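Visitor: Could you walk me through this model, with the cut-offs spelled out as we go?

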Amino acid sequence: MSVVGGREIAETRRRHLAALAREVEARGLSWRFAGPGESLLAVYAPGAGRHVIVLATPCGDGWYYLWPAGGMADAARPGEVADHVRALLG
């Protein structure tokens with residue numbers, strides 16, 4: 001990456017997405033990394049044929065998860081985000 005600190009950003013992003021992956025799996029959902037450099041988390045409801053894409057991004061002095069329908073939450077709260085994503089998937 002050409003961005004200063006790009007490797008650190010990618011590693012931090014991956015760590016936050018992995019934390020969310022553990023939480024969604026604990027709620028009975030499936031997941032996989034997606035996008036360039038596995039920079040996104042695709043979350044699936046098994047058998048439903050639906051998915052939600054979640055990203056983790058730096059914002060100010062912290063990190064946030066973003067997901068469809070205007071979802072945004074502090075990356076320090078992956079359990080709450082997993083609950084929101086599960087609700088979106090029905």
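Guide: What follows is a short talk about side-chain contacts and strands.

Guide: This is a predicted model, in which local features need pLDDT of at least 70 and side-chain atom pairs count only at pLDDT 80 or more, while totals for chains, interfaces and linings use all residues. Residues are numbered from 1 along each chain as its sequence is written, and side-chain values use heavy atoms, with hydrogens and water left out.

Visitor: OK, how many aromatic pairs does the structure hold?

Guide: There is one aromatic pair. The ring centres of Trp 31 and Phe 33 are 5.2 Å apart and the planes are at 75°, so the pair is edge-to-face. Rings of Phe, Tyr and Trp (its six-membered ring) pair if their centres lie within 6.5 Å, and planes under 30 degrees apart count as stacked, over 60 as edge-to-face and the rest as tilted.

Visitor: And Phe 33, buried or exposed?

Guide: Phe 33 is buried, at a relative accessible area of 15%, whereas Trp 31 is partly exposed at 31%. Buried means under 20% relative accessible area, exposed over 50%, and partly exposed in between, using a 1.4 Å probe and protein chains only.

Visitor: What sits over the ring of Phe 33?

Guide: The charged end of Arg 14 does, 3.8 Å from the ring centre; the criterion is that NZ of Lys or CZ of Arg is within 6 Å of the ring centre and within 35 degrees of the ring normal.

Visitor: Switching to salt bridges, how many are there?

Guide: The structure holds five salt bridges, each being a side-chain nitrogen of Lys or Arg within 4 Å of a carboxyl oxygen of Asp or Glu. In one of them Arg 27 meets Glu 23, with the closest N and O atoms 2.7 Å apart, and Arg 27 is partly exposed at 24% relative accessibility, as is Glu 23 at 27%.

Visitor: Which other salt bridge does Arg 27 make?

Guide: Arg 27 also forms a salt bridge with Asp 83, at 2.5 Å from N to O. That pair links distant parts of the chain, 56 residues apart, with Asp 83 in helix 2 (residues 78–89) and Arg 27 in the loop between helix 1 (6–26) and strand 1 (30–34). Helices (H or I, at least four residues) and strands (E, at least two) are DSSP runs, numbered from the N terminus.

Visitor: What about Glu 80?

Guide: Glu 80 forms a salt bridge with Arg 77, the closest N and O atoms lying 2.6 Å apart. Elsewhere, salt bridges with shared partners join Glu 23, Arg 27, Asp 83 and Arg 86 into one network.

Visitor: Now the strands: how do strand 4 and strand 5 pair?

Guide: They pair in the antiparallel sense over four bridges, where pairing requires that DSSP finds at least two bridges between two strands. The two form a hairpin with three residues between them, and Ala 69 in the turn has a positive phi of about 70°. Trp 67 stands opposite Gly 71 in strand 5.

Visitor: Which residues are on the covered face of strand 5?

Guide: Gly 71 and Ala 73 form the covered face of strand 5 (residues 71–74), while Met 72 and Asp 74 form the uncovered one.
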